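Dear colleague,

Please find the structure below, with its sequence.

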Amino acid sequence: MTFFVLVVVAVGVGLLGSMLGVGGGLLLVPLLTLFLGVPVKVAIGTSLVCVVVTSSASQIVYVARGFTNSRLGMTLEVATALGALAGGITAILISGRAIFAVFTVVLVYVLVTMERKPPERRPAEPGSVLAGSYTDPATGHEVAYGVGHLPGGLALSFVAGNVSGLLGVGGGVIKVPVMNLLMGVPLRAAIATSNLMIGVTAATGAVIFFGRGLVEPRYAVPTAIGILVGAQLGPRLAGRVSAVLLRRVFEVLLAVLAVEMALKTFGV
């Protein structure tokens with residue numbers, strides 16, 4: 001019964017994770033720890049494996065539709081992968097309660113950040129290798145944009161990688177706001193590019209957890225199956241949902257999980 005419950009839950013997690021560019025770890029780790037009693041470090045290891053699956057499955061759709069900015073993603077991923085290694089090592093060393101506390105702080109910070117007014121779209125500069133464009137599925141118009149504040153983006157990508165390795169969340173909770181609010185990337189493109197990056201980031205962190213025996217097949221297999229199905233459906237639905245609605249869903253998700261993690265931190 002637990003196997004089928006995990007599959008069903010993971011389908012929903014993969015659906016939302018791929019639509020929001022967060023890999024699903026934001027939901028999966030709390031669900032495994034709060035409702036199924038899985039030790040938090042095992043839940044993180046399982047989540048990292050599933051984030052890789054989410055990223056791989058959803059990118060097939062996002063790349064085909066031209067939403068992903070591959071050059072920008074791979075540039076930021078250099079810093080993110082280094083951060084994931086540091087975060088994975090830290091997660092092994094600190095206590096479970098400390099992990100819950102960090103989880104809460106990160107969620108609250110990102111929630112507050114997402115309430116900021118999005119920047120005006122930066123025009124694409126001639127010859128810029130990081131500039132991108134895609135066709136808006138809602139209007140059929142081409143959306144061209146430039147990318148700014150690369151040094152700040154790289155620094156915060158390292159932080160995102162550290163959070164990913166520490167909490168098993170893929171780092172999308174930081175990458176999406178950084179690209180959208182700091183670097184001027186439209187939300188739809190930021191989500192797709194984040195989905196590309198989180199797979200590489202999660203794989204880096206998962207190596208550390210696997211080496212410590214914290215990736216258990218009885219949890220990883222059913223959740224990976226469900227995540228794979230949900231991640232295929234998410235990008236197809238995302239093209240039919242407005243960017244404003246995606247932002248609101250993201251914010252509600254962050255608020256609910258921040259409360260759950262705060263309660264867990266204090267043993268409630």
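In helix H7, the residues Gly-172, Val-173, Ile-174, Lys-175, Val-176, Pro-177, Val-178, Met-179, Asn-180 and Leu-181 are buried. Here, buried means under 20% relative accessible area, exposed means over 50%, and partly exposed lies in between (1.4 Å probe, protein chains only). Helix H7 covers residues 172-182, and ten of its eleven residues are buried. Just after H7, Gly-184 adopts a positive phi of about 80 degrees. Helices (H or I, at least four residues) and strands (E, at least two) are DSSP runs, numbered from the N terminus.

Please note that this is a predicted model, in which local features need pLDDT of at least 70 and side-chain atom pairs count only at pLDDT 80 or more, while totals for chains, interfaces and linings use all residues. Residues are numbered from 1 along each chain as its sequence is written, and side-chain values use heavy atoms, with hydrogens and water left out.

The overall picture

The protein has ten helices and two strands, arranged along the sequence as α-α-α-α-α-β-β-α-α-α-α-α. Of its 268 residues, 54% are buried. The protein exposes about 11,200 Å², and 70% of that area is supplied by carbon and sulfur atoms. Accessible areas come from the Shrake-Rupley method with a 1.4 Å probe; for residues, only the protein chains shown count as cover. Contact means heavy atoms within 4.5 Å. Among contacts between residues at least 6 apart in sequence, 82% join residues at least 24 apart.

Ser-47 belongs to helix H3 (residues 40-64). Why does Ser-47 count as buried? Ser-47 counts as buried because its relative accessibility is 0%. Neighbours within four places in sequence aside, Ser-47 is in contact with Gly-25, Leu-28, Val-29 and Gly-168.

Helix H6 has 18 residues and spans 25 Å from its first C-alpha to its last, close to the 26 Å expected at 1.5 Å a residue. That expected span is 1.5 Å times one less than the number of residues. Among the buried residues of H6 are Gly-153, Ser-157, Ala-160 and Gly-161. Val-159 is also found in H6, but Val-159 is partly exposed, at 37% relative accessible area.

On the surface, Leu-82, Leu-85, Leu-156, Phe-158, Val-159 and Leu-182 form a nonpolar patch with about 460 Å² of accessible area together. Helix H4 (70-93) and helix H6 (150-167) each give two or more residues to the patch. The largest share, three residues, comes from H6. Patches are made of residues with over 30% relative accessible area and no salt bridge; like charges are joined within 9 Å, and nonpolar side chains (Val, Leu, Ile, Met, Phe, Trp, Tyr) within 5 Å. A salt bridge is a side-chain nitrogen of Lys or Arg within 4 Å of a carboxyl oxygen of Asp or Glu.

Aromatic pairs

How many aromatic pairs does a search of the whole structure find? The search finds four. Rings of Phe, Tyr and Trp (its six-membered ring) pair if their centres lie within 6.5 Å; planes under 30 degrees apart count as stacked, over 60 as edge-to-face and the rest as tilted. Phe-3 and Phe-4 form an edge-to-face pair, at 5.7 Å centre to centre with 80 degrees between the planes. Tyr-134 and Tyr-145 form a tilted pair, at 6.5 Å and 55 degrees. Tyr-134 lies in strand E1 (residues 132-135) and Tyr-145 in strand E2 (residues 142-145), so this pair ties together parts eleven residues apart in sequence. Both Tyr-134 and Tyr-145 are buried.

Yours sincerely
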